[in-house]
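Please read it alongside the sequence and the structure.

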Amino acid sequence: MTPFQWIAITFIIGAAGYELVIIRQQRSVRLFGLFRGVIWFAAALAILFPNQIGRLASLVGIGRGADVILYSFVLVFLATTFYFYSRYLRLQRQITDVVRYMAIQEATRGTEEQTLEEV
């Protein structure tokens, strides 16, 4: 193993251990934590066996293994960006609904107080 592989694998083991702690503490993020664990495991395999990535690249018709990893990251980045953008839009709509509801409640309450003061 090269020094880079030792350093990277040590980092990945630490990150995977952190993921396990997070999964144990927060039950609601188990599926997402499992997904991140799979990503860490794939990264460890790619670092430990770089020749296999080259074989995968030639299998799918891409010249180099580094290009396969780059294309994969670009696709994952785009998917993540679209996902978070849609979540952002949904959050904006929910905030608008809450503010609208509060404004209507405030206006209704103000009208009722005026009628009580007039009586």
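## Aromatic pairs

Phe-11 is exposed, since its relative accessible area is 55% and the threshold for that class is over 50%. This value, like the others in this report, is computed from a predicted model. Trp-40, with a relative accessibility of 25%, counts instead as partly exposed.

A search of the whole structure returns 2 aromatic pairs. In one of them, the ring centres of Phe-11 and Trp-40 are 5.8 Å apart and the ring planes stand at 70 degrees, so the pair is classed as edge-to-face.

Tyr-83 is partly exposed at a relative accessible area of 43%, whereas Phe-84, at 51% relative accessibility, counts as exposed.

## Nonpolar surface patch

Met-1, Trp-6, Phe-41, Leu-45, Leu-48 and Phe-49 together make a nonpolar surface patch of about 650 Å². Helix H2 supplies the largest share of this patch, namely 3 residues.

Leu-48, one of the residues that make the patch, is found in helix H2.

## Annotated transmembrane regions

According to the UniProt record, which is an unreviewed entry, the annotation "transmembrane region" covers residues 6–24, 31–49 and 69–85. In the model, the span of residues 6–24 is 100% helix and 0% strand, and its end C-alpha atoms lie 27 Å apart. For residues 31–49, the end C-alpha atoms lie 27 Å apart, while the span is 95% helix and 0% strand.

Asp-67 is located in helix H4, which comprises residues 65–118. Its relative accessible area is 17%, so Asp-67 is classed as buried, the limit for that class being under 20%. The side chain of Asp-67 makes a polar contact, at 3.1 Å, with the side chain of Arg-64.

Key:
Residues are numbered from 1 along each chain as its sequence is written. This is a predicted model: local features need pLDDT of at least 70, side-chain atom pairs count only at pLDDT 80 or more; totals for chains, interfaces and linings use all residues. Side-chain values use heavy atoms; hydrogens and water are left out. Rings of Phe, Tyr and Trp (its six-membered ring) pair if their centres lie within 6.5 Å; planes under 30 degrees apart count as stacked, over 60 as edge-to-face and the rest as tilted. Buried means under 20% relative accessible area, exposed over 50%, partly exposed in between (1.4 Å probe, protein chains only). Patches are made of residues with over 30% relative accessible area and no salt bridge: like charges are joined within 9 Å, nonpolar side chains (Val, Leu, Ile, Met, Phe, Trp, Tyr) within 5 Å. Accessible areas come from the Shrake-Rupley method with a 1.4 Å probe; for residues, only the protein chains shown count as cover. A salt bridge is a side-chain nitrogen of Lys or Arg within 4 Å of a carboxyl oxygen of Asp or Glu. Helices (H or I, at least four residues) and strands (E, at least two) are DSSP runs, numbered from the N terminus. UniProt positions are given in the numbering used here, feature names are shortened, and annotations may be inferred rather than shown by experiment. A polar contact is a pair of N or O atoms within 3.5 Å; within protein, one must be able to donate a hydrogen and the other to accept it, and residues adjacent in sequence count only if both atoms are side-chain atoms.
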